[in-house]
Amino acid sequence: MHKLFILLVGSLLVSNQALASDANQLAQDAVIVDTHIDAPTELLKEWRDLGIDTDREFDYPKARLGGLDVAFMSIYTSPGEDKKGKARQVANMQIDAIEALVQRHPDKFAILTSPNDIARLQAGGHVLLAYGMENGAPIGDDLSQLEKFHARGVRYITLAHSASNRISDSSYDRNHQWNGLSPFGEKVVAEMNRLGIMVDVSHLSDEAVIDALRVSRVPVIASHSGFRHFTPGFERNLSDELAKAIAKKGGVVQITFGVGFVNPKSAADLQTYFTESAALAKRNAEAKAAGKPLEDEEAFDKAWDANHPTPPTKIDAVLDQIDYAVKLIGIDHVGLGSDFDGVSGALPDKLKTVADYPNLVAGLQARGYKDEAIGKILGGNLLRVWAEIDAGKGGTR
Ligand SMILES: [Zn+2]
């Protein structure tokens, strides 16, 4: 009995080890594409050399450890920067910062602007950096900016972020001024189709996602979204119907890792925060107009954070999302958009940095996913959609 127990434990250990090294190997062999990493914003806030080991969630050594091949750098601008007329400036500075990184380490990084160049540019161990613009604010009201940002390498644009803008309504903003896309936003989508820039519907209101699907001639992506199924009422995550519509059009839903999107308690807190902080902003706007003293918005945020610590969340929360997505919309329409460096470290256990994709692979293997299916999720699906849109540019399709 005792001996049998030891034998059993021994074989379990061996199979666990085999699983782990297998997952590592698969992560190294497969093309991993992560469509949302907020390194540029963090770089501008507090600079690091991302070519060497850092305290950031994305850097070269960690990317190599995790088997990351294509990292979409998020060119993010806030509604506040838009209001101040700074969005275009900030976006260009972030692209400059990534170009400087590549120039500093031409042996480690290369800029990727077409999925056809991956094998060639990766030679010698390069991690490839692509650009996704989060918030269409830098376009302003000038369609020709799309061509300029395309020339700088931007290959997807999240039409809006946390506030309704000139292009689209946002899921976080109770003010749905357009009930979807604006008339200008429809022109933006058409021009993005023509140029070969992917339309990203993450962050949009439901009506705006429906409009984007209607207006776009080619598949659309959700660069970093979860499923509302797990977080009832949270419009930032996709409803089953919208996810199905994205898949039906040939697109892909890139599952995001942040606790705020995959943990129901955290998502509920986030919704309450948006309601309360919007109410506070409204009170302050009224007080300002009436010449009365304002409430301290920074103090409100600080107190909120102190009272709402990140709930412990297991990697299984992300695996559950992937599983649900695969069952609902099919293995060909699911991918990864982590939001590393974008959620203040509020990430599940075992999924803390770009070194951790092998843990996700091991989790998928444990749930019965075969190598081919895992390869699709890790990057194959996104690359299929990108290649289709890249090939169709020029408005000839
Ligand atoms: Zn985001």
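The axes of α10 and helix α14 (residues 316-329) come within 10 Å of each other and cross at roughly 65° in this predicted model. Here axes are lines fitted to C-alpha atoms, for helices over the stretch in contact, and angles run from 0 to 180 degrees between N-to-C directions. Helices (H or I, at least four residues) and strands (E, at least two) are DSSP runs, numbered from the N terminus. The crossing of α10 and α14 is right-handed; a crossing is right-handed if the near helix is turned clockwise from the far one by less than a right angle, and left-handed if anticlockwise. From α10, the residues Asp-240, Ala-243, Lys-244 and Ala-247 meet Tyr-324, Leu-328 and Ile-329 of α14, where contact means heavy atoms within 4.5 Å. By class, this contact of α10 with α14 holds 5 nonpolar, no polar and 2 charged residues. In that scheme Ala, Val, Leu, Ile, Met, Phe, Trp, Tyr, Cys and Pro count as nonpolar, Asp, Glu, Lys and Arg as charged, and the others, Gly among them, as polar.

A word on conventions before moving on. Residues are numbered from 1 along each chain as its sequence is written, and side-chain values use heavy atoms, with hydrogens and water left out. As this is a predicted model, local features need pLDDT of at least 70 and side-chain atom pairs count only at pLDDT 80 or more, while totals for chains, interfaces and linings use all residues.

Helix α12 (residues 264-289) and helix α13 (residues 297-307) pack at an angle of about 165°, with their axes 11 Å apart. The two are therefore roughly antiparallel, the word for angles over 145 degrees; those under 35 count as roughly parallel, 65 to 115 as roughly perpendicular and the rest as oblique. The crossing of α12 and α13 is right-handed. On the α12 side the contact is made by Asp-269, Thr-272, Tyr-273, Glu-276, Ser-277, Leu-280, Ala-281 and Asn-284, and on the α13 side by Glu-297, Phe-300, Asp-301 and Trp-304. These residues of the α12 and α13 contact divide into 5 nonpolar, 3 polar and 4 charged. The spacing in such lists has a simple background: an α-helix has 3.6 residues a turn, so residues three or four places apart point the same way.

Helix α5 (residues 87-104) packs with helix α7 (residues 144-152) at an angle of about 15°, their axes 11 Å apart. α5 and α7 are therefore roughly parallel, and their crossing is left-handed. Arg-88, Ala-91, Asn-92, Ile-95, Asp-96 and Glu-99 of α5 make the contact with Gln-145, Phe-149 and Arg-152 of α7. By class, that contact of α5 with α7 has 3 nonpolar, 2 polar and 4 charged residues.

Now for the loops. Asp-38 sits in the loop between β1 (32-37) and α2 (39-45). With 6% relative accessibility, Asp-38 counts as buried; buried means under 20% relative accessible area, exposed over 50%, and partly exposed in between (1.4 Å probe, protein chains only). Leaving aside neighbours within four places in sequence, Asp-38 is in contact with Ser-74, Tyr-76, Glu-134, Asp-339, Phe-340, Asp-341 and Gly-342. The C-alpha atoms of Asp-38 and Ser-338 are separated by 9.4 Å, although the two lie 300 residues apart along the chain.

Asp-341, one of those contacts of Asp-38, lies in the loop between β9 (334-336) and α15. Asp-341 is itself buried, at 9% relative accessibility, and has a positive phi of about 65° although it is not a glycine. Most residues other than glycine have a negative phi. Asn-179 also has a positive phi, near 50°, and is found in the loop between β5 (154-158) and α8 (183-195). Asn-179 is exposed, with a relative accessible area of 56%.

Helix α15 (residues 357-366) is mostly covered, with 8 of its 10 residues buried. α15 is followed by Gly-368, whose phi is positive, near 95°.

Finally, how far does the predictor trust its model? The protein chain averages a pLDDT of 93, and 93% of the residues score at least 70; pLDDT is the predictor's confidence in each residue, from 0 to 100.
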